[in-house]
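Please give a short briefing on the structure shown below, for someone who has not seen it before.

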Amino acid sequence: MAFNGHLRDDESIDEDETPTKQPRSNKEMPGCFINDPNNEAAASAGRATSDRRTSNSTARQRSDSLKKTRPPFPWFGMDIGGTLVKLVYFEPKDITAEEEQEEVENLKSIRRYLTSNTAYGKTGIRDVHLELQDLTLCGRTGNLHFIRFPTHDLPAFLQMGRNKHFSSLHTTLCATGGGAYKFEADFRTMADLQLHKLDELDCLIRGVLYIDSVVSRGPSECYYFENPTDPDRCIQRPYTLENPYPLLLVNIGSGVSILAVYSESNYKRVTGTSLGGGTFLGLCCLLTGCSTFEEALEMASQGESTRVDKLVRDIYGGDYERFGLPGWAVASSFGNMMSKDKRESVSKEDLARATLVTITNNIGSITRMCALNENIERVVFVGNFLRVNTLSMKLLAYAMDYWSKGQLKALFLQHEGYFGAVGALLELLHPS
């Protein structure tokens, strides 16, 4: 597959437009336009006509060039993480009758399979609520679909691609994430596909900025929680991410990476932590016997972490205020579990809630320190740890607001963990 040039989405083409012919002046003669208003008007009209012809000619040339350089369908981008594989698929909706006749059955089969199902096997999910409709990409109009499945089920995905003869349509897939390296040989041997491996941080930033720029209908892509320190008044509000720089981008997947972003091409990884979504799910599986992220979150929503954690007031009694600490703050995560009596009194739900609070508080604390060190007041949290995880989002919003005395705003994005895959798709269509 070639990775070639592209037409920007904000450049329009109207191949049917033709220049409007302007009537010529009766006095028009070559070289005789000076000092005659009618001739000057005719000259202006002639220049306008010429400009339109040139503009339309350029547009047609650009359109022809675009058709020659854009890759063949299907268009995919992949982010192969430690826990989840994220896949974005562009479904063209402007297929002409001629194109439909020329389409091979393999391509039709893949499109039908992906768009007519919301579940694939036992674990593959298409997040229908995130679908972006009537999107223009590389001169084509269609819908962008968002699909995820556990990384341990990647062999089944590769077998499906082999069964549908995907390699007869493409020889290369654009992919990012650690799995693009780990499973490269599997793609080659099981599906006869090469991986075009991409930097995951480049893809992440590119995907975030692109999705935020194209979402214009429905819920705002970016949002925050108003009054995060007051549970009774805490509500979700849309936020316009205009002039976003600088921003701190916190990507919470299996682990956590924190980036200071000054422009699309100017960023640095400030730090990270191994205590992320993978830690939460792993500990919950050990402590509660659950087996899925959704099950762990459901248990956490029903538990009470203060039965598991030791709070500041548990250590200082009623004399904690002179230290500048609120009594409800966690002094020691799981600190109460040193007591046999308290161990026997807690539920699995309490343990799940305490695990969630521990991981989230750790991420919030590290993020706040990074924001202070980088002198950045805008913090954007992304990643699949936040999927259906309002508890953690509100905890992060609370922590940012409380400990910064209102100076730090925690922002969240609707498409959470798909931005790396979007960035990989953009590299397929719009090579750097």
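Leaving aside its neighbours within four places in sequence, which residues is Phe 187 in contact with? In this predicted model, Phe 187 touches Met 78, Ile 80, Leu 154, Phe 157, Leu 158, Leu 173, Asp 192, Leu 193 and Leu 195, with neighbours within four places in sequence left out. Phe 187 is also one of the two residues, with Leu 249, that have the most contacts inside the largest nonpolar core.

**Cores**

- The largest nonpolar core is made up of 67 residues.
- This core lies between domain 1 (70-213 + 420-429) and domain 2 (222-303 + 348-413), because both domains give residues to it.
- Another core, of 37 residues, lies apart from it and includes Cys 370, Phe 385, Leu 386 and Phe 412.

**Overall make-up**

- The protein has 432 residues, and 45% of them count as buried.
- Its secondary structure consists of 14 helices and 17 strands.
- Among contacts with a separation of 6 or more, 67% are between residues 24 or more positions apart.
- The accessible surface is about 22,000 Å², and carbon and sulfur atoms account for 48% of that surface.

**Helix 14**

- Helix 14 covers residues 419-429 and is mostly covered, with eleven of its eleven residues buried.
- The buried residues of helix 14 include Phe 419, Val 422, Leu 425, Leu 426, Leu 428 and Leu 429.
- Glu 427 is buried in helix 14 as well, as are Gly 420, Ala 421, Gly 423 and Ala 424.

**A nonpolar surface patch**

- Leu 283, Leu 286 and Leu 287 make a nonpolar surface patch of about 290 Å².
- Leu 283 belongs to helix 8, which spans residues 277-288.
- With a relative accessible area of 35%, Leu 283 is partly exposed.
- An α-helix has 3.6 residues a turn, so residues three or four places apart point the same way.

**Around Lys 310**

- Lys 310 sits in strand 14, residues 310-311.
- Between the C-alpha atoms of Lys 310 and Ala 329 the distance is 8.9 Å, and these two residues are 19 residues apart in sequence.
- Beyond neighbours within four places in sequence, Lys 310 is in contact with Ile 315, Val 330, Ala 331, Ser 332, Gly 335, Asn 336 and Met 338.

**Backbone exceptions**

- Most residues other than glycine have a negative phi, and most peptide bonds are trans.
- The peptide bond from Phe 73 to Pro 74 is cis, and its omega is near 5°.
- Pro 74 lies in the loop between helix 1 (37-69) and strand 1 (75-80).
- Tyr 245 and Pro 246 are likewise joined by a cis peptide bond, with omega about -10°.
- Pro 246 falls in the loop between strand 10 (235-238) and strand 11 (247-252).
- Cys 138, a residue other than glycine, has a positive phi near 55°.
- The loop between strand 5 (132-137) and strand 6 (140-150) holds Cys 138, and this residue counts as buried at 0% relative accessibility.
- His 165 is not a glycine, yet its phi is positive at about 55°.
- The loop between helix 4 (154-163) and strand 7 (172-176) is the place of His 165, and His 165 counts as partly exposed at 46% relative accessibility.

How values were computed:
Residues are numbered from 1 along each chain as its sequence is written. This is a predicted model: local features need pLDDT of at least 70, side-chain atom pairs count only at pLDDT 80 or more; totals for chains, interfaces and linings use all residues. Side-chain values use heavy atoms; hydrogens and water are left out. A nonpolar core is a set of buried Ala, Val, Leu, Ile, Met, Phe, Trp, Tyr and Cys residues joined through side-chain atoms within 4.5 Å. Buried means under 20% relative accessible area, exposed over 50%, partly exposed in between (1.4 Å probe, protein chains only). Domain bounds come from an automatic or database domain assignment. Contact means heavy atoms within 4.5 Å. Helices (H or I, at least four residues) and strands (E, at least two) are DSSP runs, numbered from the N terminus. Accessible areas come from the Shrake-Rupley method with a 1.4 Å probe; for residues, only the protein chains shown count as cover. Patches are made of residues with over 30% relative accessible area and no salt bridge: like charges are joined within 9 Å, nonpolar side chains (Val, Leu, Ile, Met, Phe, Trp, Tyr) within 5 Å. A salt bridge is a side-chain nitrogen of Lys or Arg within 4 Å of a carboxyl oxygen of Asp or Glu.
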